[in-house]
Amino acid sequence: MATNVDPLDERVPGKPAELKKFAALGIETVGDLLAHYPWRYADSREVTDIASLAVGRNVSLVAQVRSAEVRLAQKTGKPRVEAKVTDGARTLDLVIFMPHRGAADFHVKRLVPGSLGLFSGQINIFNGRLQLANPTYAIFGHEVDEAVALEEAEWPIPIYPATAGLESDKIRAAVRAALDRLTEQDVPDPVPGPVRAERKLASRWSALRGVHVPQTEEDWRKGQARLRYEEAFVLQAELARRRARAQREESTARPARAGGLLEAFDARLPFVLTEGQVAAGEQIAADLERAHPMQRLLQGEVGSGKTVVALRAMLQVVDAGGQAALLAPTSVLAAQHVRTLRALLGDLAEGGLLGGSEIGTRVALLTGAQSTAERRSNLLEAASGQAGIVVGTHALLSDPVQFADLGLVVVDEQHKFGVEQRGRLQAKAANAPHLLVTTATPIPRTVAMTVFGELEISELRHVPAGRSGITTHVVPADNRAWMDRTWSRVREEVEGGGRAFVVCARIDPDEDDDGTDGAEVFDDEPVTVGEAQAAAQRAPKRPLRAVLEVVETLREDPRLGGVAVGLLHGRMTSEEKDRAIADFASGRTPVLVSTTVIEVGVDVPAATAMVILDAQVFGLSQLHQLRGRVGRGSAPGLCLLVADAPEGTVAAQRLGALAATTDGFELARVDLELRKEGDVLGSAQSGKRGALRFLRIVSDGAVIDRARDDARALVEADPELAAWPALRAAIDLQLADGREEFLGQS
């Protein structure tokens, strides 16, 4: 293919109308086309289960022709072909509209009863029956080139993700034509030759041929395995490169000091640290003593004590003459952190103040909602070094914020912040500061290796002693008796001295559902043909319950017996939010109707009950985080998931999993199995070249392990991959279109 343009960057050939349809699938270049992989393979000797097809989806199925005939429209006399195909158990109607009788007769002659064919189009329902209108099809053994047909009759048939007007057959033909024009030299291989030889891997060219034009099942399986390894290797190579760069940076060592704040804090702790807290603390302490920046992820179960571990790290840095900055995603969480840290430290947080410890420091708060005087005072404490610990929201990233000696950055709830935001805070230090990333959303090891591969990982799997656990039940929203009992249980908890959260997915009933105030709203998966009739008759979705509506309803609800009900949502001012949480904690308003702003950080030990309305629209990890706000004291917790989730739906599976266990790591595994891979890795990871298509981070841990070992060895020998331009290009492609953020978020 002699051209000055990279063959993979050439535009896909075709007419403008067809190119528009390709573009709708993210296919513009030859490289995009070859990266549009089949989602399954059909066997010309086996029919497709018609009941497994999804209504509204573009499908390709192998089926047997049962009948075909020409019918004329009563009014216009226009001919149409009506046919039936079967999988042996169910039938599917086909209809093909034709301009004249001769064209219709042509199709009837091809659709011979008993013959097998591949039929592609969109499944819909007409007059209560399943139908494929104007499909494209190929009858096996009836191809134009009979010699080719005989040769390829036994080959697996690639079935591609398709769209209306651009069926799998057309995509397959375009891919085949592109491959026939290319040679192995036209396809750069990002996996270096030595690695391929060591792992006995085929070339990328061979893998593409195996995936797109397989002659046997083994061909496409081998091709997928090679491309799966490549996806893991490219990611791990970039993570290894970042890790190597960080290790070359200079940082200030922050060794532990005898007789300092950390020692005093440990001596007055009213509880014993868990084994996990001790182990994580030792790992972090050792990292802080080194002269290159710590890069560590601290992940743990809800309520596992991450705050204490992070605080001990901050105190070690303060003892060594530095400062620590804690970056929180919301003002509510930042204020909660300050209250928690000051309560834990006592007079150790009142350095230089009357009654404060002689070795104490201060904890300053910086948010965008503070008064000018309060903000100016806290800015001065941070810049002078009086505040050894500075807690804040995105306000910490602004130019006026300065530190005397920033030694440690703690990023709470990592997924709320991107790489650039973390970098802006780290840039406020003279030398590269140490970095501790925390998350209360447990991440399975395979995900952590893929998303946080440049970070060392510490885990907290156990909650401190004294917690009584949480019981979770799913409550059918349309069951009057169950709902009556739900609100009675809330009243009983309050009468017993507890507090109860009521969580809604949105703020205002008059808004569209995008006013969700942080709720991770999920839509359920499409139904299959077997459920098509029920789906067609399903009642319209109920509007999501809103905070401003529910708070008024509950204040007048006799089932609560006059219990005071508070209100909390993201549009309130910081002062209003603080007052709402304080009133809730004190018992002045023992029931708090809130959006998901309480998801992380809000710590009210007296909170024993939570009712989550419209629970079916929340993600599993978010439900687990919300549930973690109750049962944090000595009294047991209760979580009631009020939902409209028909049995068999993905939403019902999510809720069932949550009711079955409180193990966050197990729920994270289930969550990944229920989600699409693109949901796990971010929306940028679907569509064009560079997306992960074969690597399944839930189940491909062994592949990721091997790729990580190979990538680290390669980067150790060649830190910037200068000898491997194809690999560098693949990394750039993987991080294009916002995918840089994918490696910085989970």
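Select residues 620-627: seven of the eight residues of helix α20 are buried (under 20% relative accessible area, with exposed over 50% and partly exposed in between; 1.4 Å probe, protein chains only), so the helix is largely enclosed by the rest of the structure. Helices (H or I, at least four residues) and strands (E, at least two) are DSSP runs numbered from the N terminus. This is a predicted model, in which local features need pLDDT of at least 70, side-chain atom pairs count only at pLDDT 80 or more, and totals for chains, interfaces and linings use all residues. Residues are numbered from 1 along each chain as its sequence is written, and side-chain values use heavy atoms, leaving out hydrogens and water.

Within α20, colour the buried residues: Leu-620, Gln-622, Leu-623, His-624, Gln-625, Leu-626 and Arg-627. Next, show what covers them, including strands β16 (470-476) and β20 (607-612) and helices α21 (650-660) and α22 (664-674).

Move to helix α8, residues 217-248, and pick Arg-226. Arg-226 has 2% relative accessibility and therefore counts as buried. Beyond four places in sequence, its contacts (heavy atoms within 4.5 Å) include Asp-189, Arg-196, Arg-204 and Ala-207.

Now colour by pLDDT, the predictor's confidence in each residue from 0 to 100. The chain mean is 85, and 86% of residues reach 70 or more. Over residues 523-539, pLDDT is below 50, and this stretch has 27 contacts beyond near neighbours in sequence. Residues 678-687 also stay under 50. Where pLDDT is low, the predicted coordinates should not be read in detail.

Finally, zoom out: the chain has 26 helices and 21 strands, and 52% of its 746 residues count as buried.
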